[in-house]
Every structure is written in structure tokens, then in C-alpha cells.
Amino acid sequence: MREATSARVAHILREHGFDAYVIHGGLRAWTKGSYPLEPVPQDDVVLLPSFR
Amino acid sequence: MGEIVSLLEKHGYALLALIVFCEAMGLPVPAALGLIAAGAASALHHLRAEMVLIIALSAMLLGDTVLFILGRSTGWTLLGFLCRLALNPESCILRSAESFYRRGRTTLMFAKFVPGINSLAPPLAGSMRMSYGQFLRLDLIGACLYTIAYAGIGYLFSGVIEAIAGAARTVGRAVEWFLLLAFLGYLAYRVHLYWKHRKYRVVPRIQVAELAQKLAEGEQGKMIVADVRSHGYYDPGATRIKGSIRIEPNNLLATVKDWPRDKEIYLYCT
């Protein structure tokens, strides 16, 4: 199922009283529409081991 | 096996190349049986042994190179895809990557003998930025071991090929049943997923254009845009929707416990 994670999270949030929605198409659709993006902050980046 | 030998006699090297290439690409094709049959055909002078080795190695390295490039170009998408079924995808990705980092070089040499790992190792090496030269050297060693082992078995045991073929036919029938059951199991799993996720289909959605318009009209204060990708941050240069924040899905309720209930929350993943 597409948007599986966001739909699951939105469903849980709605069950807890939040007004949650899923962005249809996710980041891919947002990027395709040329809407503004920003780099993920370094604190959120988890770089995995690399041979280089 | 008998059928494979017969086919190899007719179509020879092209069929061998196709079988080996398809297996290297991760398709469920019995390349080991193809190599054994080619080894037997070499011993019986239907094929030339040196050509069998050259063609098998070339096809294997070509398939592995395609997967290596795929891993290099898609970053962690492939590993993320493979870890989707794990209880904790985040942990699965981290553990798999660290394990391959520690044992990757050895793994590449012996991966071909382990179904599943054989098609996972080349893209992992690509994702983890192993140099192509190093990858090719290790993969060549692994491909030589695999090809010589199975073609060698066929060559050495060509005299008893009929006995082996008889056993292979029996095994083949068992494999057919296994594949049928595996396919039915997969179908049942997809139905289970569809049933399990049906409640998520009623969650309201917003189109990106509509959300962009809300943000352009200055409604940021009334909403939270949240990124819920659980494995989206492993490549340098990763981007996200401007102004969004990250929610870790595995730690969801602890993260949002103090959030105001009057704000709209817009969620996205990849």
C-alpha cells in the first residue's frame, strides 16, 4: 500500500484526537510539483557505514 | 537436469549466459543446475569448458554490476524496501548495514552459495560506496568459486548424469510444489495486508498543490507538516518539505503527547 507509514501514523493520531491528514503522493509528489524543499538537518541524519 | 543438458546442447552458450545472468539479477532461476549441466556437457564434448567458464563469469559479473550500480544510485531505498517487513525497519537497516560493513568483503566472496544473500550483496556494496574496482575483484573471486564448484561437479560426475537427472526430476517436482505453496502464501499475505490496511484508506488526504497553497497563504502557524519516513535519512544530501519536522513512527505517542489538538497535522513519507 502506498503511503502506508503516513496513513498508519495519521490513523493513530486521529484515534488520539488529532486532526491528521496524509499528503497524497508524499515527498515524491511534492518534489515533482517543484514545491520548496530543504536539507534534512544534520541532527536528524543517521549516516550508515560506508566503505569510503 | 536432463532437460537442461538437452537445451544446452541446442542453444549452448546463449542459454547458459541467460540462466546465470538472470540468477545474478535476483530472479529465481537455477543457475547452479545450469552450471552443473554445462560442466557435464563440457565433459561430453558438447560444449567447450573454457567457454563455459568465460561466459558464466561474464554473465555473473554483468548481473552483479547492474545490481551494484542500482544500489549505488538508489542509496538506501533498496535496503529500506527489504527491511519493510521487519518489526523495526529502522533497526533492521542499521543492523544489516553494520553487519555488511564488518563482513562485507568476505560475504561478497561466498554470497553466491547462499540464496537471497547472493542478490543482496552487490546492491549493498553499491549503497555503501565500495569502490567498483574492489567490488569487482571480490565479486570475481566469488564468481570463480561458484562457477568452478558447480561446473566442476557437472564435469566430474558427467558419467552418472542420468542418475543425477533422475534425482533432479524428483527434486524438481518437490520444488514445483514448494514454489506453488510459496506463491499461494504470498497471495494470502497480500490479502492479509489489504485487509489489515483497509482502515487506513479512510484517512483524509490532501493534494500537494492544496497544501502548498495553504503554506503560501501563511497558514503555517495553524498546522504541522511532519515527515514520518522511518528510513529516509541515511544518504547525505537528503531533503524534506520546507518547514516540516520529523516524527519517528516507532516513538510516535511520546513525541506528540504535548502537541496542541487544534492544529492540523499533515504527514508524508517517501
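Chain B contains 10 helices and 5 strands. The model is a predicted one.

Select chain B and colour it by burial. Of its 270 residues, 35% are buried. Among contacts in chain B with a separation of 6 or more, 70% join residues 24 or more positions apart.

**Next, the largest nonpolar core.** Select B:V20, B:L35, B:A38 and B:A56. This core has 26 residues, and these four touch the most other members. To see where the core comes from, show helix 1 (2-24), helix 2 (31-43), helix 3 (49-74) and helix 7 (132-156) of chain B; each of them supplies at least two of the core residues. Helix 2 of chain B gives the most, with 9 residues.

**Centre on B:A56.** Which residues is B:A56 in contact with, leaving aside its neighbours within four places in sequence? They are B:L16, B:V20, B:L35, B:T147 and B:A151.

**Follow helix 7 of chain B.** Two of those contacts of B:A56, B:T147 and B:A151, are among the buried residues of helix 7. As background, an α-helix has 3.6 residues a turn, so residues three or four places apart point the same way. Now check the length of helix 7 of chain B: its 25 residues, at 1.5 Å a residue, should span 36 Å, and the end C-alpha atoms are 34 Å apart, which agrees.

**Bring in chain A.** Show both chains and select the contact between them. The contact takes 45 residues from chain B and 43 residues from chain A. On the chain B side, these elements each supply at least two residues:

- helix 5 (89-110) and helix 8 (161-197)
- strand 1 (205-206) and helix 9 (208-216)
- strand 3 (239-241), helix 10 (252-256) and strand 5 (264-268)

Strand 5 of chain B gives the most to this side, with 5 residues. Coloured by class, the side of chain B that touches chain A shows 30 nonpolar, 6 polar and 9 charged residues.

**Finish at the paired strands.** Select strand 1 (residues 19-23) of chain A together with strand 1 of chain B. In which sense do strand 1 of chain A and strand 1 of chain B pair, parallel or antiparallel? The pairing is parallel, over 2 bridges. Within it, A:V22 stands opposite B:R205.

Conventions
Residues are numbered from 1 along each chain as its sequence is written. Chains are lettered from A and ligands numbered from 1 in the order in which they are written. This is a predicted model: local features need pLDDT of at least 70, side-chain atom pairs count only at pLDDT 80 or more; totals for chains, interfaces and linings use all residues. Helices (H or I, at least four residues) and strands (E, at least two) are DSSP runs, numbered from the N terminus. A residue is buried if 20 or more other C-beta atoms lie within 10 Å of its own, exposed if 12 or fewer, and partly exposed in between; C-beta atoms are placed from the backbone. Two residues are in contact if their C-beta atoms, placed from the backbone, lie within 7 Å. A nonpolar core is a set of buried Ala, Val, Leu, Ile, Met, Phe, Trp, Tyr and Cys residues joined through C-beta atoms within 7 Å. Ala, Val, Leu, Ile, Met, Phe, Trp, Tyr, Cys and Pro count as nonpolar, Asp, Glu, Lys and Arg as charged, and the others, Gly among them, as polar. Two strands pair if DSSP finds at least two bridges between them. The expected span of a helix is 1.5 Å times one less than its number of residues.
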